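Thanks for coming. I will go through one model, from the assembly down to single residues.

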There are 2 protein chains.
Amino acid sequence: MKNIILIFTLTFITSFGSVAQVDETAISDSAFIRQIFDQALVNGESYKNLEYLCKVIGNRLSGSQEAVQAVTWGKKTLEKLPLDRVYLQPIEVPYWVRGDVEWAAISEEMDVDFSIKTLGGSVGTDGPMQGDLVEVQSLEDVEKLGEEGIKGKIVFYNRPMDPKPISTFESYGGCVDQRYAGAATAAKYGAIAVLVRSMTLLENDRHAHTGSMGYKEGIRKIPAAAVSTQDANMLHQYLESNGTAKITLNINAHTNENVMSNNVIGEIRGSLYPEKVIVIGGHLDSWDVGQGAHDDGAGIVHSMEVLRILKALNYRPNYTIRVVLFMNEENGNMGGKGYAKKAKQMNENHVVAIESDRGGFSPRGFTIKADSAETVFVQSFKTLLDGYGLHYFEPGYAGVDIGPLNTPENKVNPKLISLGLVPDSQRYFDYHHSETDVFDAVNKRELELGCAAITSMVFLLDKYLR
Amino acid sequence: MKNIILIFTLTFITSFGSVAQVDETAISDSAFIRQIFDQALVNGESYKNLEYLCKVIGNRLSGSQEAVQAVTWGKKTLEKLPLDRVYLQPIEVPYWVRGDVEWAAISEEMDVDFSIKTLGGSVGTDGPMQGDLVEVQSLEDVEKLGEEGIKGKIVFYNRPMDPKPISTFESYGGCVDQRYAGAATAAKYGAIAVLVRSMTLLENDRHAHTGSMGYKEGIRKIPAAAVSTQDANMLHQYLESNGTAKITLNINAHTNENVMSNNVIGEIRGSLYPEKVIVIGGHLDSWDVGQGAHDDGAGIVHSMEVLRILKALNYRPNYTIRVVLFMNEENGNMGGKGYAKKAKQMNENHVVAIESDRGGFSPRGFTIKADSAETVFVQSFKTLLDGYGLHYFEPGYAGVDIGPLNTPENKVNPKLISLGLVPDSQRYFDYHHSETDVFDAVNKRELELGCAAITSMVFLLDKYLR
């Protein structure tokens, strides 16, 4: 993977569909992108920022004291760059609390407790509860079993993530319905609780992986917890050997009243189009386990570093370049929704939205959510970025936080280009939503390359978008 | 990074330069490659093979008892596949021994010992030696200082690896002259020993990274050791603060008589061209620290898995597909040289040689060492492999072990295509030649994708090369 900067002719289609030749600036574009990468790799601050966020503040679920600290830290860190404007945007968020009891065991063997993590949003058990385990592979299995097979039972969703897709997010997408909708589906038929196999490709992991779940109006709320894949395998074997398994479950999770929190926003004012915004963001909240390093401390420090690098290189943007540290992506997306709503109210014209929420691994490219002309426009940058290992520029989902900017009720600019950073996904679900998502699981250079990838994309869009 | 299998028309230039249309087979090619990846990701044996090699056998320097065990294990494991032929190729190898004393400290502060690893091939100190430290940045610095500045001193090469190149191998290549030639250069001017900053991009690593060094005939052999980057920084600071630093060094490394070892070879006989060989390999030996997981346990299990997958899919190759587990890449390359010499003697026609010796990380593509028509031929497979994250198909260095097949004295086939697997390189030098290169540093999926990448390339070359 030689680091050769190619001198070439850049031909691209602008957002208005015309083809432009920009020979005379191509060399300086490639040289400027090289400077962006040098800044990230030699003078980068993303890694030490991530260390502080992960180790000093720690995990930071919406509503927690750590989330409050993260907001203060985010604001201070952006102010130090300094920027043209740094401010907080008040956001009301849910305040779910895991509680201090989270325990499950096979009742006949009370010393065989196993590794669970209550799913975010779940109710508690109101003291120890007991029930027979019914293992299923899908929501459809529950529908088939019906009340006869489900009533009074604890449903155990045990369909593993498929190892075949190259993108692990595809595997996740094909599995996460069990976690999200498992409780509501099982409760419909009278289940008393659900256990869900952890969403990870590690086949024998001792850590349970938490995540959000939802209830449905009119259906009883029953407790829901993730089981480590190691213990899911054990439960499966136990059921095979013994035919039945009575489970004791004790969880005292609960949801408090909503509290106020904030999105943290910082921006460099555009010189040509100050009223038009290129927004970059990740989410500041995390689950209440581990340190929220890959999910999504990485996206936070990626985003902040874009502004630091542009300033360090004395780049004066045409558009307003804004970073948003979104609050509450994990369990409500109130930050993303609130930001988009406010943008609509203010009639703010967002021309580009970029999200980083797939970890701090070696960047491979971007997903593009845009009309076809804009998609081709973004893809025209591939030649400039290919030498940096960025080869993936394909239509796809861009991100949760920036999603609401694209909804019919919020959309100001029909030509909005939404992009999602695509890092290498192989290790993401090893750590995702578990105790192992810590600072030490992030490689400095891989993180820094992500910063440079986004900054380069911002630079090219800022320079060439009309 | 969606996992979409494209149905397309494959147009490629054969090795004879003609353009062939293979529409009718294109769909089955893409389907077969998908099966290769499924085999690697679902039924893969590379990870458990690597676990055995790393954890049960451990590191395995040429001449060591563990190297003997590795040869036995390699042969047995290949025999189990089973193959048409498995055999050992005797190779005489050097037998360097680190010894049980490896210690350095600032003499004025004897409690401040620091982390060193004697360089492979180094002589010992014959008991504790003392000398003043002279810090330099390069071999050229030593030449400039000359006898006046160097004589009787311990030379401390402290030029760090450059963080700017995207490929860390480029950084390594720009730095490793200090390790390899540092002792001989310093000895020319009367230095009594050398210390060399470890070859890693970790700026504050407590582990020293060993590696090979060489002496020059007629120049006195002086001891040489790598210093951890953490302690190299400390020594630099100490010199800045105190002007001088007297160092005590005690190393009892030594070189025994050469011993006999083996390359381990296994093959599936070609159905059309049994006398023509596609060879795939990595190296079975490792340095005597850590477990030799990325370097090069990964290459060993990658290579073995190619044959397992082809057999599992009942693929009957046109060419003979041969795997070589090369001995002694690290300190002599006697396995690579011996294999090529023997191939020449037997007039064996090697049409393709593929090496994996850059770690078990997510594969990104291949370096190609071939004539231009053959290079274009290999690049024509890019479209089929792009959906698997394989995007890099560029001319470049292919590997140490297969290198001798390409030398004028050994080359049988002037059209030989040499390829090197290119995994993501960002983390490689975190582990390389240090205590941290262990099984646990390898991700299962990343390893498995490497197996599938090589197997797919072998399949396409076997099918289309004429």
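Some bookkeeping. This is a predicted model, in which local features need pLDDT of at least 70 and side-chain atom pairs count only at pLDDT 80 or more, while totals for chains, interfaces and linings use all residues. Residues are numbered from 1 along each chain as its sequence is written, and chains are lettered from A and ligands numbered from 1 in the order in which they are written.

Contact here means that the C-beta atoms of two residues, placed from the backbone, lie within 7 Å.

The contact between the chains takes 30 residues from chain B and 30 residues from chain A. On the chain B side, α1 (23-42), β17 (392-395) and α13 (444-464) each supply at least two residues. The largest share, three residues, comes from α1(B). Helices (H or I, at least four residues) and strands (E, at least two) are DSSP runs, numbered from the N terminus. By class, that side of chain B has 10 nonpolar, 10 polar and 10 charged residues. For the classes, Ala, Val, Leu, Ile, Met, Phe, Trp, Tyr, Cys and Pro count as nonpolar, Asp, Glu, Lys and Arg as charged, and the others, Gly among them, as polar.

Next, chain A as a whole. Chain A has 13 helices and 18 strands. Its C-alpha trace spans about 75 × 45 × 40 Å along the principal axes. How does the radius of gyration of chain A stand against that of a compact globule? For 466 residues the rule gives a value near 23 Å, and chain A has 23 Å, which agrees. The radius is taken over C-alpha atoms, and the rule is 2.2 Å times the number of residues to the power 0.38.

Of the 466 residues in chain A, 57% are buried. A residue is buried if 20 or more other C-beta atoms lie within 10 Å of its own, exposed if 12 or fewer, and partly exposed in between, again with C-beta atoms placed from the backbone. Among contacts in chain A with a separation of 6 or more, 82% are between residues 24 or more positions apart.

Chain A is divided into domain 1 (11-95 + 257-464) and domain 2 (99-252), with bounds from an automatic or database domain assignment. Their C-alpha centres lie 34 Å apart. The contact between these domains takes 15 residues from domain 1 and 18 residues from domain 2. The domain 1 side divides into four nonpolar, seven polar and four charged residues.

Now one helix from each chain. The expected span of a helix is 1.5 Å times one less than its number of residues. For the 15 residues of α3 (residues 65-79) of chain A that gives 21 Å, and the end C-alpha atoms are 21 Å apart, which agrees. Among the buried residues of α3(A) are W73(A), G74(A) and L78(A). The buried residues of this helix pack against α2 (46-57), β3 (85-97), β12 (254-268), α8 (293-312) and β14 (319-326) of chain A.

In the loop between α3 and β3 of chain A sits P82(A), joined to L81(A) by a cis peptide bond with omega about -20°.

In chain B, the 12 residues of α9 (residues 334-345) should span 16 Å, and the end C-alpha atoms are 16 Å apart, which agrees. Buried residues of α9(B) include M334(B), K337(B) and Y339(B). Just after α9(B), N347(B) takes a positive phi of about 55°.

Last, two more backbone cases. Most residues other than glycine have a negative phi, and most peptide bonds are trans. Phi of H433(A) is near 60°, and H433(A) is buried, with 30 other C-beta atoms within 10 Å. Phi of D126(B) is also near 60°, but D126(B) is exposed, with 11 other C-beta atoms within 10 Å.
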